[in-house]
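I opened the file to look up strand pairing, helix packing and the chain contact. My entries follow.

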Amino acid sequence: MSSVKSVFLALSVFCVAGSVLAEPLVRAKLALNWKPEPEFGGFYQALWDGTYKKEGIDLEIVPGGSGQPVPQMIESGTVDFGIVAQDEVLVSRERGANLVAIWTVYQNNPQGFMAAEKHGFKSLGDLLKSSLKIAIQKGMPYALYLQKKYAIKESRWIPYLGGISQISGISGDTQAQQCFVTSEPEIARASGIRVNSFLISESGYNPYLALVAVRKDFLEKKRDLVQRFVRATRKGWQAYLSDPKTANQAMAKINTSLSTERFQVIAKNQEIFVRPDRKAKIGEMAASRWDQLQAQLQDVGVLRTAKPSSELFINFD
Amino acid sequence: MLLLGLLEAGVQLGWISSYLIAPPSAMLRYAVPAWRDWGTALFETWTNATLGLGLSVVFALGVSVLFSYLPWVERMFLPLMVFFQTVPIIAIAPLLVIWFGYGPKTVIASAWIVSFFPVLSNGIFGFAQVDPRSIELFRLMNATPTKIFWGLRFPRSIPYWVQGIRLGSGLAVIGAIVGEFIAGGGLGGFIDSARNQQRIDQVFFAVFIGTFLGLFYLKLIDVVGRTWFKRYFYPSV
């Protein structure tokens, strides 16, 4: 009996060792451009439920913060994958980087502006044409687009300091600030501040957001790894959209500025931006959207030339 | 110059990506036609840093004279003054915006906070560097404490004041640029905007001229101190 056990044990060890030797995990890094929030829920879901490992990837998620230079981190090889905006990919290509987008979290852009309810703004145009100062990340392509479209004076832009500090401060009711309409207005309301929020996409500027980008040569050399990453990411996001609670509870332990309940509300709010069409495949991008954005950025002088969209992104199954 | 040459060669030979590090030629290509843009930013930073440093000198002079007359006040408040030396300006800059609003007031306050302590501590040290025999001589000649201060202590402390202002000037430029990141305008606002546009040439150029602004102050104060106040300088300072 003991000899049977020994043979069984030896076979088990052989099989396990064989499978490990056959498919060693590949280490990879994903840089976020902000702290762990529902915006990145699907990535954390796939990390914590072992989906990336099942695809042979030992992924490390590197949380970000204000000013994290993710495009430069990808280009320099500091990280393999990074979260960027669609317009950031285009601007980086204009400046000589070789980033290619492989995934988008948001199909529709949840970025917007919010201002105290007492102003009675009914639309984005009302807010942008008012005399309120607006806290914004100056120089961002969408800021330049809005500045041109709504003839906004330079002096009305003030630096964005993060969170809801500029709507909740002493002079909060005299200024508006940028936000994710899925997130900051909720936080403001929870703090007792009544706000109205408006999507930037009302202006016609609607880039994909929270894209995963890689370097072009990385994609060419490690296409299989990238494909496995996308496969795992899709599974992660599908699981997160079905039930975000477990991942939200875990993320709330890393990012203690939001409670689990707040995570849950934001995750629910963002669903329509991640999956506006339940039949469509999440994470995929359309060439027409890339062409449209390039035309808009050429119009405001951010881009000199447009590139074929096939060079800018790739959809994996 | 050697470093700039290496930087240029590194990019031209393809060793370094121009997307990550701007070579001098790229900085020049930007700087020459756009001189009004960066010139305006530089002037704003210069103005704010100068006013911040000026406030530091005025406050430091007032406080150190008070300390000199009333040593118990010095014992009581000097530890508090160390706050200005140790305060992480980047952490309190958002508070300055709440108190002073967006624009130059916050930037000047930021420049003042970081440049105040070196000027003050050098001033206090300077007032203490008087030969007791000289004070004795003044007293023998029935000089009042005020006469001793303005006739002896203050002139003897001038080299230390110059040294303190020299140290504070570089910090005032840093304080102004940090303040501008939060309050807008100047080189800080310029760098912030250029970074968002991934304009590494503009970021590098702005850092470069910010450094030159600091060096300009150092040299200016050195020259002014050693020409206008030449007779007060000890050989050792």
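I took two strands as paired if DSSP finds at least two bridges between them. Helices (H or I, at least four residues) and strands (E, at least two) are DSSP runs, numbered from the N terminus. This is a predicted model, in which local features need pLDDT of at least 70 and side-chain atom pairs count only at pLDDT 80 or more, while totals for chains, interfaces and linings use all residues. Residues are numbered from 1 along each chain as its sequence is written, and chains are lettered from A and ligands numbered from 1 in the order in which they are written.

Entry: sheet of chain A. I looked up strand 6 (residues 133-136) and found that strand 6 of chain A pairs with strand 8 (residues 175-180) of chain A in the parallel sense, over 3 bridges. Ile134(A) has Ala176(A) in strand 8 of chain A as its bridge partner. I then traced the open sheet of 5 strands in chain A, which has the order 7-6-8-5-9 and mixed pairing. Strand 7 (157-159) and strand 9 (195-199) of chain A are the edge strands, each pairing on one side only. From one strand to the next the twist averages 35 degrees.

Entry: helices 8 and 9 of chain B. Axes are lines fitted to C-alpha atoms, for helices over the stretch in contact, and angles run from 0 to 180 degrees between N-to-C directions. I read that the axes of helix 8 (residues 145-183) and helix 9 (residues 186-196) of chain B come within 6 Å and cross at roughly 50 degrees. Helix 8 of chain B is therefore oblique to helix 9 of chain B (under 35 degrees counts as roughly parallel, over 145 as roughly antiparallel, 65 to 115 as roughly perpendicular, the rest as oblique). I noted residues in contact (C-beta atoms, placed from the backbone, within 7 Å): those of helix 8 of chain B include Ile177(B) and Phe181(B), and those of helix 9 of chain B include Leu187(B) and Asp192(B).

Entry: helices 3 and 8 of chain B. Helix 3 (residues 35-69) of chain B packs against helix 8 of chain B at an angle of about 145 degrees, the axes being 8 Å apart. Among the residues making this contact are Leu53(B) of helix 3 and Ile165(B) of helix 8.

Entry: chain contact. I looked up how many residues each chain gives: 18 from chain B and 20 from chain A. On the side of chain B that touches chain A, helix 5 (89-100), helix 8 and helix 9 each supply at least two residues. Helix 9 of chain B gives the most to that side, with 6 residues.

Methods: Contact = placed C-beta atoms within 7 Å.
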